[in-house]
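I opened the notebook to write down what I looked up in this structure. The entries follow the order in which I checked things.

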Amino acid sequence: MSDQILWFATRGAGAVSLIMLSGADFNMVRAWIGSPVVMVLLILTIGVGLHHGQLGLQVVFEDYTHGATRVALIVATKFIAALFGLGAIVAILRIGFGG
């Protein structure tokens, strides 16, 4: 029961934040992202999402490819996920700090 409440509370808080920002202008969104808590949570969310996607693709590659192709695809997927993660972190920090 407590897991369900925690799940709803975390998803509900995120949904409320997004609903509050639905009609916001750029400066309001920048101020929201500038909050240290929001900035950290955005970075963690993107990191977890990219890791989840990379792991899902890795399972597909392990199941349906063989040999050097498998290794190359897994390495490329990890590299692309890391590159996207770095880009997202830089973007969030630049927006958050007003750069």
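**Entry 1: Phe79.** Is Phe79 buried or exposed? I looked up its relative accessible area and found 56%. The cut-off for exposed is over 50%, so Phe79 counts as exposed. I noted that the model is a predicted one. Phe79 belongs to helix H4. I then checked the distance from Phe79 to Gln54, which is 25 residues away along the chain. Their C-alpha atoms are 9.5 Å apart.

**Entry 2: the whole chain.** I stepped back to list the elements. The protein has four helices and zero strands, and the order from the N terminus is α-α-α-α. Of the 99 residues, 15% are buried. The exposed surface comes to about 7300 Å², and carbon and sulfur atoms supply 75% of that area. I also looked at contacts between residues at least 6 apart in sequence, and 52% of them join residues at least 24 apart.

**Entry 3: helix H4.** H4 covers residues 67-96. I counted its length as 30 residues. From the first C-alpha to the last, H4 reaches 44 Å, which is close to the 44 Å expected at 1.5 Å a residue. Which residues of H4 are buried? They are Ile74, Thr77, Ala81, Gly85, Ala88, Ile92 and Gly96. The cover over these buried residues includes helix H2 (26-33) and H3. After H4 comes Gly98, and its phi is positive, near 80 degrees.

**Entry 4: Gln54 and Leu50.** Next I took two residues of helix H3, Gln54 and Leu50. Gln54 has 7% relative accessibility. Buried means under 20%, so Gln54 counts as buried. Leaving out residues up to four places away in sequence, Gln54 touches Thr77, Lys78 and Ala81. Thr77 and Ala81 are also among the buried residues of H4.

Why is Leu50 not put in the buried group? Its relative accessible area is 25%, and the buried class stops under 20%, so Leu50 is partly exposed. With the residues up to four places away left out again, Leu50 touches Ala81, Phe84 and Gly85.

**Entry 5: Thr65.** Where is Thr65? I found Thr65 in the loop between H3 and H4. Its relative accessible area is 15%, so Thr65 is buried. I looked for what its side chain reaches, and at 2.4 Å there is the backbone oxygen of Phe61. Beyond four places away in sequence, Thr65 touches Arg70 and Leu73.

Entry 6: Last, I looked at Val37, which lies in H3 (residues 36-64). At 56% relative accessibility Val37 counts as exposed, because the exposed class begins over 50%. Val37 forms a nonpolar patch on the surface with Val40, Leu41 and Leu44. Together the four have about 380 Å² of accessible area.

How values were computed:
Residues are numbered from 1 along each chain as its sequence is written. This is a predicted model: local features need pLDDT of at least 70, side-chain atom pairs count only at pLDDT 80 or more; totals for chains, interfaces and linings use all residues. Side-chain values use heavy atoms; hydrogens and water are left out. Buried means under 20% relative accessible area, exposed over 50%, partly exposed in between (1.4 Å probe, protein chains only). Contact means heavy atoms within 4.5 Å. Accessible areas come from the Shrake-Rupley method with a 1.4 Å probe; for residues, only the protein chains shown count as cover. Patches are made of residues with over 30% relative accessible area and no salt bridge: like charges are joined within 9 Å, nonpolar side chains (Val, Leu, Ile, Met, Phe, Trp, Tyr) within 5 Å. A salt bridge is a side-chain nitrogen of Lys or Arg within 4 Å of a carboxyl oxygen of Asp or Glu. A polar contact is a pair of N or O atoms within 3.5 Å; within protein, one must be able to donate a hydrogen and the other to accept it, and residues adjacent in sequence count only if both atoms are side-chain atoms. The expected span of a helix is 1.5 Å times one less than its number of residues.
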